[in-house]
Amino acid sequence: MCSCAAVERCAQATPKTTPPEKAAPLSNGLATTLETLTKTTNAAADAVLLPALNARDPFIQEGALIGLLERKSVEGGREILRRLPLFTSRWKQLLFERRSRLSKTLREAILGTDPTLIQNSFPAVVWFREYDLIAALLNLIEDTHHVQRDRAARTMLELVDLLYNELAGPRDYAERRDPQLMRKHVVATLEHSVARFSQHKSSEVLEAFATLAESDNALLKQILTDPLHNTYVALVEVLHHSSRPGVARLLLSYLDENRPPSAALSLIGRRGDVKFVRHLAQRVGDEVSPTHVLNLKRIEAWAWAAPEAGVLAQLDDAPQSAAAAIVMCSGYDRRKALKTIQYLLQHGTTGGRRTAARLLAEFNGVEANALAQVAVDDPDPIVQAHILRQIRGRGVPGALPRLLAAVDSAHEEVRAAARECLAEFSFSRFLASYSGLDDNVQRSTGRLVRKIDLQALPQLRTELESLSRNRRLRALGLVPLLDAAADVESQLLDLLEDEDHVVREQAVRALANSPTARAQDAVRGALNDRSHRVREAVNELLGIEASGSASAAQPTTPEQPPQEHDHD
């Protein structure tokens, strides 16, 4: 069996080198020796394992690394941290699996004076996500004379970003650490440093605080509601310029509050960077909630809303749509808002143009009317539909012909909008008034009613089936005007059996307009009707002379029906 001395000799015989990528297993004896050195409480084992990191055999190197980590060796931890930049992927994996063993070493390194250990500790704390060491980093940051102060500040922000990402995403339950509890711990630590801001003046501390803090944080509220607070100006600058998603989240969360600080709402309006505007658009959407409306009304300026700012052009479909809604719901000047709507109508994405077209209805005047006159020819049918609903009220020239033409559009959205705007061409209205119109107006209006009112035919069928004689007769007069004989043929055939000869006569006249063989046979069959008036109507329709040739045109029947006496 290999002894401790053998391990030492093996280590000392080999110069310090970069560890190999993969180690081959050794004998059971040497493996047992390494295991013994790992488990013993004798501090002298460290003196054996440390030089073994330089052993010629990779297995011994790995065994020494694992042993030092498992023993939580103070000196071993320092040596591992010192060698960290030289680690292979294999050693990094071994180290990451035992990263908790190095926490104390990292804390001591950050708070210590060894420049190599301090420098190597920064990437390590980020790699291991050692959020508990943010307090140690803050200690270094608050030392305004420390040469690694800036590096520590960047490292601290990296850790905060990682924690924020954990909070924003689904929880990884493989990690026992609860990110919400860690957030409370880190925020409390940052609060102490924020309270000392007048001493260290580190904006990174404020940025980290704003990334993780909730809008109801007491210290945050205290600062934002007191312009004379010694941290107010610096915090406002951070909230104004930071590109971190957590800072955007904090600012935008004030839109959900009933009484947010005016400073927060002002900052939302002052932010003009594209990334923030995208966050804003996602938060609000194009269907603005009542709470958002109340808060947006308090915002009278938007740094991004003017077309010349160039932000609108960089937004995609949904953000442009939301941007239009946000501008209109806010306290933004109406003349400036119209410029935003105009830009989106003329140059926006499909979603932006659709929302802008809908919101154009809130504007009156020559400029808005001119925009509608152009936008009605937009290639998108939904934009067309929004504008079609506005053109009659705006007095746009040719509005009525345009709406009538739109009824025949290939797009259902356009047809529906046109019908909505031509509601006066309804079946019920035409039914009540057609008798007072001259023949030409009756025919032209009937064609429009048939085209515009989708309920015209169902309602006509209902009238033809009515128990009221007057309603049936009135509906029969509409059949040729609506060119609906073929569509209501079944009802007309039933009316040929009506007890009232006048109803039967009008049914025959209406049925003659149906081109089907069934309808034409039914008309000829009415030559046998018991009413002289009905037979005369059939003769007239078939062009038969009343001189007696009618009997030749009638189908042969075993017995003539009894004659019905017509009454005036």
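This is a predicted model: local features need pLDDT of at least 70, side-chain atom pairs count only at pLDDT 80 or more; totals for chains, interfaces and linings use all residues.
## Helix α13

Helix α13 spans residues 203-212. Eight of its 10 residues are buried, so the helix is largely enclosed by the rest of the structure. A residue counts as buried when its relative accessible area is under 20%. The buried residues of α13 are Val205, Leu206, Glu207, Ala208, Phe209, Ala210, Thr211 and Leu212.

## Two loop residues with positive phi

Lys201 is found in the loop between α12 (197-200) and α13. Its phi is near 60 degrees, which is a positive value in a residue other than glycine. With a relative accessible area of 53%, Lys201 is exposed, because the cut-off for exposed residues is over 50%.

Arg129 belongs to the loop between α8 (115-127) and α9 (134-141). Arg129 is not a glycine, yet it has a positive phi of about 55 degrees. The relative accessible area of Arg129 is 31%, and this residue is therefore partly exposed.

## The largest pocket

The volume of the largest pocket is about 270 Å³. The pocket is lined by 15 residues, and those closest to its centre are Arg99, Ser100, Ser103, Glu130 and Arg177.

Two helices, α6 (89-97) and α7 (103-111), each supply at least two residues of this lining. The largest share, three residues, comes from α7. By residue type, the lining divides into 10 charged, three nonpolar and two polar residues.

Conventions: Residues are numbered from 1 along each chain as its sequence is written. Side-chain values use heavy atoms; hydrogens and water are left out. Buried means under 20% relative accessible area, exposed over 50%, partly exposed in between (1.4 Å probe, protein chains only). Helices (H or I, at least four residues) and strands (E, at least two) are DSSP runs, numbered from the N terminus. On a 1 Å grid over the protein atoms alone, a cavity is a set of points where a 1.4 Å probe fits but cannot get out, and a pocket is an open set with protein on both sides within 12 Å along at least five of seven lines; lining residues have an atom within 4 Å of a point. Grid points are joined across faces, edges and corners, and a volume is the space filled by probe spheres set on the points. Ala, Val, Leu, Ile, Met, Phe, Trp, Tyr, Cys and Pro count as nonpolar, Asp, Glu, Lys and Arg as charged, and the others, Gly among them, as polar.
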